Amino acid sequence: MPRTLLRAASAIVLTLAALNIPAAHAQDAAPVEVTVNTRAALAAVPETGIGTNHAIWDTHLGSDQTADLLKEAGVKLLRYPGGSYSDIYHWADHTAPGGYVAPNTDFDTYMAGVRRTGAKAMVTANYGTGTAEEAAAWVRYANVTKGYGVKYWEIGNENYGNGHYGAAWEADDHPDKSPAEYARHVVAYADAMKAVDPTIKIGAVLTTPANWPDAIVAEGDAGSWNQVVLSAAGSKIDFVVLHWYPGALDRTGHVPDMVQLAREQIARYAGPGAERIGIAMTEFNTGSSSNGTNTQPGALAAADAYATLLANGVFTVDWWNVRNGIGAVTEVEGHTDYGDFGLLSSAACTSDGSVCEPALNTPFAPYYALQMVSRFARPGDQFVRAAADQPAVSAHAARRPNGELAVMLINTSRDTSYAAALDYEGYTPAAGAATVLTHTNGATAITTETAGTPAGRLLPPLSLTTIVLRPAAPPSGPGAPGQPTATTVTDTTATITWPRATPGARPVAKYEIHRQHGAVTEQLGETGGTSFTAANLRPGTRYTVNVIARDSGGGLSWSSPPLTFTTKAPATSSCTAKLTVQSDWASGYVGSIEITNTGAPVNGWTLNFAWPRAWQSLGSGWSATWTQNGQDVKAVSEPGSGALGTGATTTIGFVGNYTGPNVLPSVFTFNGRVCGTG
């Protein structure tokens, strides 16, 4: 396939000349190489992807101007009645004892706004001070009496914040605050609500991996919040609810593991059919008032997080919130940041009246981030892998059914322009000018122009840029293969199967299986059938693959949805190593490794493993001499205690620290031999 990458700085300058951009700007920094690979497909763009939260304390919740602004931003889901207020709100009389309820914020007013916006509704039923009967009556009113067709219903909001783990911000009148009690009520709510309307989807609250109180086991509980809730209520729910306030602008790299760990918990605990359970991020905000909540840095982080979460299969990401009010006022990158977590100004002032927000409904920078994401990735598109070789630049891409390809580039540098050179794998763009959408620091709109070429673009500091490309030729290949599955996964092999692709103008000749390495793919093999056994895999390794159909004329299909699986430890070995987490406090844990020598006797041993992620580290260890070098960890037997006969066992322990999703090490070597897990 032709490659369009401009690899030299001189070529970048030529490209910029074609864009009518002075060459001097290209000299601010080395060119950034951006790889876009349509063979490495991710999730499809969901209909409900771009969402936000409405709150019953917002007087303007139901105004036409609000709905029209949200529609213009591309918002497709609106959540109600507002975070923790959900657990004190009683819909029938529109009251929230202990909280403020603004005029014109009742359920019917909210639904009128939802319809004017052209969005879907998500309603949070009152768990903390409500009942299953109250929730079922709400479903009846919404979907039977009024015919609103509200599909998504959560049971409560952040109910792990009820004091069970020490911190209490969520109302909960139940004497028992445990996850088991919450799960028992989720079952009762689901049964009562689905008896009224069996088509609705029920969501249960989970803790977000690596965010407090994830993984903590409280006294008397059978496991963590997620384990207990999924084990008891998994068969009754249709999606799980996560909230994420990362508190920093550089945490998007946590998202793939965060979502994958949630999926693994669902698969492990929710029982048969767990694959049907979706993941919703019903509250998200950068949570970083010091770095820019409603100014451009926060907007860039928002666009990056939205695109990454949706590309990893989350079916909605809901900004907190439409209006929030003024907070700590700071100056960020030349603009006033009001510490406001809203999308739109509420025209509020500080308590002393010295600073006021701009006029009511003035969009803040994150509003334009959501708008850019909605124009970059539209429902029905398919995210594909994209990556940049400059840490300050993030890249995302989405392929459209009509053959167009959209690439969103985010320059987070506060003072450097970057000349981006784009390389397309599996895609040939048409020559000529591209459609370019741009939002820069302090801008009050997204600009659209037809300019430049598909090969390069200058990225201003603190900017969002989307490039929309046409294909060199209309799509003519077969349809995409269906969702692959993995069976008979061993330490070194996996059998992959998939539904047959629909032929296009020519018959399907073969299928290619591609493994993702970031934005680069490796072809594992090809076959004329719909099953393939990949060999020579590494034990304990996570793989993501796609299947592509090729017809008899060489035409290629879109990639299948991605399949992610993890190979196992060896079935037989001369050693076993079993890791057990004995306790976890959501930023570290105590691990115990039981080592069994099933081979010849040894007098002295070394156990090695590697931290899967750079944000993990060794705190301390015992019953061996522990060291860490980079991500590699070594435990060496202590003098006089290294003798292990055949079948003998010893146990060592350590404290592991983490500041992101805690992917546990799964491959251990004992005196250089890869161990089984026992």
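Predicted model: local features only at pLDDT ≥ 70, side-chain atom pairs only at ≥ 80, totals over all residues.
## Starting at H243

Strands here are DSSP runs marked E with at least two residues, numbered from the N terminus. H243 sits in strand β7, which covers residues 239–244.

Is H243 buried or exposed? Buried means under 20% relative accessible area, and H243 comes in at 7%, so it counts as buried. Its side chain makes a polar contact with the side chain of T282, at 2.8 Å. If you skip the neighbours within four places in sequence, H243 is in contact with a whole list of residues, including R79, N157, E158, Y160 and T208. M281, T282 and E283 are on that list too.

Strand β8 spans residues 278–284, and seven of its seven residues are buried. It pairs with β7 in the parallel sense, over six bridges.

Now for helix α6, residues 225–233. Its buried residues are W225, N226, V228, V229, L230 and A233. What do they pack against? The answer is α5 (179–196), β6 (201–205), β7 and α7 (255–269).

## A nine-strand sheet

Elsewhere, nine strands form an open sheet with mixed pairing, in the order β17-β16-β19-β14-β13-β12-β1-β15-β18. The edges are β17 (447–451) and β18 (456–459), each pairing on one side only. Ignoring direction, neighbouring strands in this sheet are turned by 25 degrees against each other on average.

Inside that order, β1 (residues 32–44) and β15 (residues 418–425) run parallel and are joined by six bridges. E33 stands opposite A421 in β15. Helix α8 (residues 296–311) packs on the sheet, touching several strands, among them β1, β12, β13 and β14. The direction of α8 makes about 140 degrees with that of β14.

## A strand with two faces

In β26, L563 and F565 make up the covered face, while T564 and T566 make up the uncovered one.

β26 runs antiparallel to β25 (residues 542–551), with four bridges joining them. Look for Y543: its bridge partner in β26 is F565, one of the residues on the covered face.

Technical notes: Residues numbered from 1 in each chain as written. Heavy atoms only, no water. Buried < 20%, exposed > 50% of the residue type's maximum accessible area, 1.4 Å probe, protein only. Polar contact = N/O pair within 3.5 Å; in protein donor to acceptor, adjacent residues only side chain to side chain. Contact = heavy atoms within 4.5 Å. Pairing = 2+ DSSP bridges. Axes fitted to C-alpha atoms, helices over the stretch in contact; angles between N-to-C directions.
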